[in-house]
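My notebook is open and the viewer is loaded. Here is what I looked up, entry by entry.

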Amino acid sequence: MIEIEGVGKSFNGLTAVDDITMTINAHEFVTIVGMSGSGKTTLLRMINRLVELDRGTIRIDGVDNRNVPGPELRRSMGYVIQQHGLFPHRTVAENIATVPRLLGWDRRRIKARVDELLLLFQLEPEVYGPRYPHELSGGQQQRVGVGRALAAQPNILLMDEPFGALDPIIRNKAREDLLAIQKRLGTTIVMVTHDMEEALALGNRIAVMDAGKLIQYADPAEVLRYPASAFVESLVGKAERPFRLLSFSRVADIMEAGPAEGPAVCSDLSLRDALAEMLWHGASSLPVADGNGDLLGRITLEALTRNGAGPG
Amino acid sequence: MKWLPTLLRALAFWLLAAFLVTPRSFAPLFSGLAQGTAPAIYDRASLLMLAAQHLALVFVATVAAGVLAIALAILVTRRFGTELLPFARSVVNIGQTFPPVAVLALAVPATGFGVVPTFLALFLYAMLPIFENTLTGLTNLPRDVQEAARGVGMTGWQRLFSVELPLCLPLILAGVRVAAVISLSTATIGSTVAAPTLGEVIIAGLQSNNLAFVLQGALVVAVMAILIHDALFALERHLAVRGTS
């Protein structure tokens, strides 16, 4: 758990972060979203003390982070940056082994951990371990960067625009992979992004920052339905709102009993994708099937419309 | 044709070695340049010995200058040393702007004739290229890599030795290469204050109006400079290839 309490920071008399209080629970995925200069990166970097705070306190699992020496604190947390920051003179395996080596793990344990992480990120250890970062594609470099951050099994992972340098197709895959890994490892993730779409897609909770202040801190559906200010509303984008809302629910959530004509949609599908299917087939209702193809019920356009509606 | 430069270097190396070991067998080549009965090959000292002493002097001066220049560059790029940067720069620059001949002239009264004043001149001269290159390397490291080095929890010294210096190594080596090549030729003037270097051969030739001596002294220095330059350059390339992005 990360408790941020009344935290502030100024650079040369200009306030970058202004009196922010928020709590990030264990195993939560929190995205901090804002425009450049909103103070979101400064806030993130105060958690692992790459930036020292001027006011307030940050507690990690109840311990003030100033009670731990900076390097030691940072070894206990993963940190991922946009340009991945891999050490160009070290191989992929050596890069991933960085923190375990700093912590003095023995060779065999390091080797086992490096291989495990390479496999987790779908990189064959024998092939990719001995390569240098510049021999990898952008997506692979990014995965190695996350692998390096996770190497010493940190409870907390801090990410600063980790997917910013990737092209859109790889970015979506990288997001899915990250969500899968977070689900599997239970790591608490705090991620900074300027992209509201990304913030909504990944975060359990979203912190919207503007001019150093925390404007709203809520789950995605609430941010969409009840934006705290006109600024948040503009970030969300009016035209996109209903579709984004729909993407948070699955077909199974609003399925009803009864027959319907047309090709069946899977009950795991998001409502957004179900809507697309219905529009495409020109149907006002479609049958719903489970993964094995057994019919479960139907989904209607009317129910979809209700779910995509705002607070009214 | 990729093998041609390598072949030429090998040839130059073997010719140089053969000349230094058995200079007399090359006498017919130089006899045309020697006037009258003057010897065609320098015979007042062993050329091999002079070359070895020449190299040793350059090596010691370059290594000493390297150690100090790199240490100085590290010092002024640490947070506590930034205020020393202008001072260090001017000290190093003065070393370079002072002509080596003047250093010799000034040093001899204090240290006497021989190797020491020559060492001093070479040492001062070699500082600047190594210092400037190390400084350039340390101040132009990729930001994301530095950020990552801090982010993974490296201490200042760990960052210096496992990230910053390794990444600067090709640039530092380039500075050492420049310093070594300059020192190789500058060392010849050391013979004016009785340092045993290949300059002795050249000076003897100038004094006795024997062009053969001048030429063989100059050729040996030049070939050594070329070979050392190429060897260090190859090492730089080898180190740089691994780390380039």
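Two residues are in contact if their C-beta atoms, placed from the backbone, lie within 7 Å.

Housekeeping: this is a predicted model, where local features need pLDDT of at least 70, side-chain atom pairs count only at pLDDT 80 or more, and totals for chains, interfaces and linings use all residues. Residues are numbered from 1 along each chain as its sequence is written, while chains are lettered from A and ligands numbered from 1 in the order in which they are written.

Next I looked up the helices and strands of chain A, and it has 15 helices and 13 strands. These are DSSP runs, numbered from the N terminus: helices are H or I with at least four residues, strands E with at least two.

Then I turned to the interface: 17 residues of chain B are in contact with 18 residues of chain A. On the chain B side, α7 (143-151), α8 (156-186) and α10 (211-243) each supply at least two residues. α7(B) gives the most, with six residues.

I zoomed in on α7(B), where B:Val145, B:Ala148, B:Ala149, B:Arg150 and B:Gly151 are buried (20 or more other C-beta atoms within 10 Å of a residue's own, all placed from the backbone). What covers them? The cover includes α2 (70-75) and β6 (77-80) of chain A, together with α8 of chain B. Just after α7(B), I noted that B:Gly153 takes a positive phi of about 95 degrees.

Key. Buried ≥ 20, exposed ≤ 12 C-beta atoms within 10 Å, placed from the backbone.
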